[in-house]
Amino acid sequence: MTRTSLALDGLRTPPLALRNVWTAPARSLVAIAGIGFATVMVLLQLGFLEAVRFTASINYDQLDFDVALVSPQFEQFYDPGTFPRERLRQAEALEAVRAARPLWARMNRWRCPPYPVTAEAAARTPPQVSPLGRWWLGPRRPRPLQVRDLLVLGIDLDRNPFRPPVRDQIEAARPLLHTRNRLLMNAWSNPDFGWQDRHAFSGWELGGLAVDVVGGFTLQRSFGADAAVLCDSDNFARLFRIPPTGPVAFGLLKVQSEDLAGTVRLLNLRLPPDVKALTRDELYRIEQDYWVRQTATGKIFAFGVFVTMVVAAVVIYQVLSNDVRDRLPEYATLKAMGHTTFYLSRVVLVQAAIYALAAYLPAVILGAVLYRITDTLANIPMILTSTNLALVLALNLTAAFGSGLLTLGKLRRADPADLF
């Protein structure tokens with residue numbers, strides 16, 4: 001027999017596992033749909049978990065620094081603690097440090113405008129809107145006047161610590177920011193905070209003080225804060241009722257040497273113990289540990305991955321279990337013909353892998369669409385990484401093989417003697 005005829009014969013008689021899938025289309029479709037649903041859910045959980053990790057670096061990525069000075073009690077950006085401002089001058093006096101820039105960061109209460117922006121809308125209770133309606137209406141969703149927390153950033157305008165484009169946006173509004181109680185608002189803030197209504201609303205308040213929004217800047221939202229505003233150091237001190245020369249949250253240092261670890265050791269040796277120096281990478285590690293391992297947000301999404309994979313494994317097990325039960329006479333016949341239990345076990349495991357692989361690509365496509373929708377509507381950075389794609393494929397196959405192994409007990413009970 002020629003090689004070509006052997007190949008054609010292989011096409012006419014596909015592997016037994018594949019024929020099992022083809023000859024029970026309804027059952028196979030249930031398995032593929034169940035695994036596909038679980039795969040999409042895992043992708044979403046991993047996407048949100050990736051966004052939690054992104055929260056750890058998002059603010060630092062917009063700041064221009066090599067080494068940061070922080071409080072010894074520092075845990076995360078949105079509640080950093082403070083240290084004496086004098087430490088910046090002491091650090092800048094060292095030959096290794098080229099520049100030291102202060103940054104303040106604290107949460108405060110923000111008066112959000114109603115929608116529509118009218119006195120009547122502010123006074124009345126808005127109608128109830130379904131979740132689908134809220135998604136569809138977006139910033140046009142009826143809402144009352146409300147007060148919510150947002151992030152307040154304070155900087156020394158003469159020592160702007162940001163990178164472009166935020167740096168350029170601040171510089172463009174620099175003359176206005178020197179004025180009392182004026183600030184910039186993050187244009188990518190949650191719509192509830194009113195950026196899109198800035199020209200129609202005039203009742204802005206921050207921490208109970210009247211303020212004016214004189215422009216915007218663009219900072220990606222995160223799980224730490226739905227919105228942000230930025231002002232100069234004098235306005236920050238006024239809004240939080242602290243001395244203008246009081247403590248700072250961050251000291252952002254540009255250094256001369258490429259040996260950042262050595263510069264950090266020098267700073268920690270020369271400066272008092274009420275401040276500590278960290279490299280950018282060390283800050284990232286501390287933030288990631290906080291957001292992924294210490295907060296409920298990171299734990300919820302990590303647990304969600306586990307639960308959805310259990311669901312996928314249960315679906316595959318149910319389908320394979322029913323399939324093996326219905327085909328026991330056929331498997332018993334194959335045993336009587338001389339096929340080993342190992343061969344039949346391999347058929348079941350390959351069948352499970354076919355289900356997992358058939359569900360993978362459609363689930364990835366749907367997951368990518370949902371990532372795009374979430375990123376656009378919620379402004380949450382959803383990134384479909386190659387690492388997560390490989391992880392999901394590995395989890396799919398693991399769930400499939402695990403379910404297949406649990407099903408093999410029934411297969412071993414296929415006794416040729418039962419045929420007679």
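A96 makes contacts with V255, Q256, S257, T263 and L266 once residues up to four places away in sequence are set aside, and the loop that holds A96 runs between helix 4 (86-92) and strand 2 (97-112). The model described here is a predicted one, and its protein chain is made up of 15 helices and 10 strands.

**The chain as a whole**

- Of the 420 residues in the protein chain, 47% are buried.
- The protein chain exposes about 20,600 Å², and carbon and sulfur atoms supply 60% of that area.
- Among the contacts in the protein chain with a separation of 6 or more, 82% are accounted for by residues 24 or more positions apart.

**Nonpolar cores**

- The largest nonpolar core has 55 residues, and those with the most contacts inside it are Y60, F77, I170, L230 and F250.
- Helix 3 gives the largest share of this core, namely 11 residues.
- Y60, one of the residues with the most contacts inside the largest core, touches F65, F74, F77, F250, R280, L283, Y284 and E287, when residues up to four places away in sequence are not counted.

**Helix 3 against helix 11**

- Two packed helices are described by the angle between their axes and the distance between the axes.
- For helix 3 (residues 25-61) and helix 11 (residues 280-294), the axes come within 9 Å and cross at roughly 145°, and the crossing in which helix 3 passes helix 11 is right-handed.
- On the side of helix 3 the contact is made by L49, V52, R53, T55, A56, S57, Y60 and D61, while helix 11 brings R280, L283, Y284, E287, Q288, W291 and V292.
- Sorted by class, this contact between helix 3 and helix 11 has eight nonpolar, three polar and four charged residues.

- The C-alpha atoms of A96 and G262 are 9.7 Å apart in space, although the two residues are 166 residues apart in sequence.
- T263, which touches A96, has its place in helix 10 (residues 260-270) and is buried, at 4% relative accessibility.
- Leaving aside neighbours within four places in sequence, T263 is in contact with A96, V255 and S257; V255 and S257 are also among the residues that A96 touches.

**S28**

- S28 is found in helix 3, where this residue is buried, with a relative accessible area of 3%.
- The contacts of S28, not counting residues up to four places away in sequence, are with N20, V21 and Y355.

**E171**

- E171 lies in helix 7 (residues 166-172) and is partly exposed, with a relative accessible area of 32%, because values between 20% and 50% fall in that class.
- Apart from residues up to four places away in sequence, E171 touches L157 and N160.
- Between E171 and D158, which are 13 residues apart along the chain, the C-alpha atoms are separated by 9.8 Å.

Notes
Residues numbered from 1 in each chain as written. Predicted model: local features only at pLDDT ≥ 70, side-chain atom pairs only at ≥ 80, totals over all residues. Heavy atoms only, no water. Axes fitted to C-alpha atoms, helices over the stretch in contact; angles between N-to-C directions. Helix = DSSP H or I, 4+ residues; strand = E, 2+ residues; numbered from the N terminus. Left-handed = near helix turned anticlockwise from the far one by under 90°. Contact = heavy atoms within 4.5 Å. Nonpolar A, V, L, I, M, F, W, Y, C, P; charged D, E, K, R; others polar. Core = buried A, V, L, I, M, F, W, Y, C linked by side-chain atoms within 4.5 Å. Buried < 20%, exposed > 50% of the residue type's maximum accessible area, 1.4 Å probe, protein only. Areas by Shrake-Rupley, 256 points an atom, 1.4 Å probe, with all protein chains shown as cover.
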